[in-house]
Structures are given as C-alpha cells and as structure tokens.
Amino acid sequence: MELPFAESYRIKMVEPIRKSTREEREQWIKKAKYNLFNLRSDQVFIDLLTDSGTGAMSDRQWSALMLGDESYAGASSYYNLKNAIKNITGFDYFLPTHQGRAAENVLFSTLIKEGDVVPGNSHFDTTKGHIEFRKATAIDCTIDEAFNTTLEHPFKGNIDLNKLEDVFKKYPKERIPLMIVTVTCNSSGGQPVSMQNLREVYALAKKYGIRVFFDSARFAENAYFIKMREEGYRDKTIKEIVKEMFSYADGMTMSSKKDAIVNMGGFIGFREEELFKKAAQFNIIFEGYITYGGMSGRDMNALAQGLDEGTEFNYLETRIKQTEYLGNRLIEFGIPIQQPIGGHAIFIDAKKFLPNIPKEEYIAQTLAIEIYKEAGVRGVEIGTLLADRDPVTRENRYPELELVRLAIPRRTYTNNHMDVVAVAVKNVYDRRNEIKNGYRILSEAPIMRHFTVELEPVR
Ligand code: F0G
C-alpha cells in the first residue's frame, strides 16, 4: 500500500483558539457592522482572512531571531539577509522595507510619474493603489482564460503577449517606467505564471527597452507549480527554478509576510546599481537607513532563514497540498470554486453560489458573512466592496467575479481545521436558496472602503 501524505514538520508550540456559538457570532458580526475586519480575532475560530504575516515560524527562525544584531548601520543581520537574497534570487542589491507595499512605495517613488502606464498581470490592490496614487495607470494584460473560473489552465497567471505588445506599441518607452509580473497572481486566484511566459515576457520587454520587476510575494509557490506542471522542470530543485525565474527580471518587490514566512517585513531587489542608489534615497526618508529600512535586526535574521525554508520542496509540498485538500473537499460538495486550485487560497465563486442576491447587495460579502455565522470561519470578500467606486463617476464598480477568498496561513492549521471549513461552506451551500437578501452600506471611506465599511442587512 502506498503511504499516505503527511506534513513535513511536527508541532513544538501551540496557540489555543476558541470556539463560539452561532448566537454569539450573530451578535458579534452585527456589532461589527457586518464587516469581518471589525471582528476581534478571539471571535474567530479559523481565520482565513489572509495568508500574510499569519504563518508559523520554525524553531530555526525563532533561534535566528535571538542572534539579531540591532546596530543602526552595518548590522550582521543585514549581511545575513543580503547573502540569502543574493543566493536565492541572484540580485546583487537590495533594500529592506517594513512590508510589501512599502517596497512598492519606495520603488514607485523612484520610477513612476504622472501619466505613466505600468502593464502587468492583474496588479495586486496595493500595487495598483500606489500606481494610481501617482496618477499613473495599471494596465492588465492577463490572459483571458484567467477570468473563467471553471476553465482548466495550468498557468492562469500568464501574461498575454499580444496585449502586452499593444501597450508597448501604443505608449512611448518614456511613459512605461517598468512592467510588473506578479508571481503567483493573487488577484486572479493565486494562479502561477509559467517559466516559458516569464522568459517570453522578458524577451519582449527587452526588445522595447522596458524594465521588468516581479511582485514576488508568492514566488516560491510559483516555482512549485512550475516544477509540477511545466515540462522540463520536474527534476530541478525549487531553488534552481527560483534562480531561473528571477533571471527574467531586473528586480523584485517582496512582501516577506508570504513566502518568506515571517510576520512582518519586505524588500526590494535590484540588478542595476544606479537604480538601487536612487531608490536608497527614498528608502531612507520613508523606511529607514539602507541597512535596516523598516526592519529590526532580529527580523532580518528570521527572514533570511525563512527565505531558505520557504524555497524547500518538502515545505512547499505540504503547503500546497493543504490548499488542494480544502479545494478538493469543496469540489466534492459541488461548491463552485476557482479552478485549478491556486497556491495560497481557495476562491469561491459567489455569483454561482448565491444566484438570488442582486449585485447591488454585495454578493461575496453576503457569503463571507454566512460562512462566519455558520462556523466562525473568517474569509474575505473580493468583490464589489473591494473594487470600490469609480474615482471619477463615484459609481460602484461591479467586477466580473464576486469571490470569497479563504487564504490559508502557512504551517498554522491542520487538515481537521480544513474539514471544518469545508463542512461549514457546504452547510451554507445546502441552504443557499433560503439566503435571499444581502446588505446595504451605512457608511464608507472615500478610498479602500472595504477595510472600514459599515453595513446593515437588507430586509
Ligand atoms: N503583492 C501581493 C501579490 C500581495 O498579495 C500583497 C499583500 C502585497 C503585494 C502587499 O504586501 O501586505 O506586505 O504590504 N497581500 C495581502 C493579502 C495583504 O491578504 O493577500 P504587504
């Protein structure tokens, strides 16, 4: 008999979590104005709000922390991190930042000016936010297949080379300071980009003289998918694949809170010394001196160790198999989810799940609230609330997809927890026809409203 799969780690420290009753949860979510961000964490049993900064560090990371060097300049922790980044990505220059969006802020302050365009594959919200904040435009060049949730395609994060070339032809080079490839592509469902696509995108960009940066938050998960799905990579190590991936980029921004398995941190990697030097000026005013920029020495040490662990096959296999496990259980129950299953999260297709709710009543938010009430499981709406209003007309923007994302923290929950999540979603699905009303907005902020929006049920 073939041995079953088991996690490539054992547990050394635990954190108690609390179950609650349906009555308690109904009170709490009402008090939270039906916004899941307003819940206290102890009102949540299984927290799948994000996989960002929520993973469990290893014993080796915790011990690296104790060796942190807190010198203002030239700390050994900085050099540990510099070596780890060089070994894993090949980039000679780097700047530490306090998280991923800070890396975007520093890099874009250096490169982007009003009227510029920045093509890419479904830029993440903060990336897009930082581009639009500078009165520039993010142009989505993702392949069309990505927008069909049931279509099987191994690399739904891929960039459509024709769409990209159209952008390169339409705008002068001076107005395209860089392009961004997000690996894996969070906004299209944690979907990977193939090595072939990375190679071709880079060649095309070089032909037009355009700089390529990777938004690398989940680069290691991307490498895992290349190994498993792309011809010619099965026998390569994750670290070899990662090295090749980054050879098709001029630099990277990193939210270390994801694939580097730390609770806080980020960085920018550069190939060009000149650009590094320019960006260093912004890093100093926004983040901190170049050898710590927003991170303590101990955290840089833990991050250096996390980059090494996060690019090990055994860890990644455990990680991705857990996401697959939850996805497959949901598929067995007939629940409409984004397929193929991505790396860090399951995305439930809320329009298909709740066909009775009109789009004006926030379909995905309604579903996320029902799942919370059912079992204390917190996911996040990726739908009309997140899409926000059109900056000019102030009308709601209704995105093509209304999704509930269940993001899985790294090394944190067991598959028993995943079973609870799956059954909770199934129970809601079984009574989906009784759910006829959604929510209306009581108050909202002018930008990034989903974090603070207040809602009430439509009766
Ligand atoms: N890029 C991607 C692809 C991301 O998913 C995120 C964050 C960022 C950049 C920004 O990094 O949070 O460290 O400032 N994503 C989190 C999420 C928030 O829940 O998906 P950050």
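Residues are numbered from 1 along each chain as its sequence is written, and side-chain values use heavy atoms, with hydrogens and water left out. Because the model is predicted, local features need pLDDT of at least 70 and side-chain atom pairs count only at pLDDT 80 or more, whereas totals for chains, interfaces and linings use all residues.

**Ligand surroundings**

The ligand is surrounded by 16 residues, the closest being T50, R101, D215, S255 and K258; a residue belongs to this shell if one of its heavy atoms lies within 4 Å of the ligand. By class, the shell holds 1 nonpolar, 8 polar and 7 charged residues. In this classification Ala, Val, Leu, Ile, Met, Phe, Trp, Tyr, Cys and Pro are nonpolar, Asp, Glu, Lys and Arg are charged, and the others, Gly among them, are polar. Helix α4 (residues 100-111) contributes the most to the shell, with 3 residues. Helices (H or I, at least four residues) and strands (E, at least two) are DSSP runs, numbered from the N terminus.

| Residue | Distance from a polar side-chain atom to a ligand oxygen atom |
|---|---|
| Q99 | 2.8 Å |
| R405 | 2.7 Å |

Taken alone, the ligand exposes 470 Å², of which the protein buries 93%; accessible areas come from the Shrake-Rupley method with a 1.4 Å probe.

**The sheet and its helix**

Two strands count as paired if DSSP finds at least two bridges between them; β11 and β12 (residues 403-407) are joined in the antiparallel sense over 3 bridges. Within this region, I382 stands opposite L403 in β12.

**The setting of R431**

R431 is placed in the loop between α16 (415-430) and β13 (439-443). Leaving aside neighbours within four places in sequence, R431 is in contact (heavy atoms within 4.5 Å) with R22, E370 and E374. The C-alpha atoms of R431 and N396 are separated by 29 Å, the two residues being 35 residues apart along the chain.

Conventions
Polar contact = N/O pair within 3.5 Å; in protein donor to acceptor, adjacent residues only side chain to side chain.
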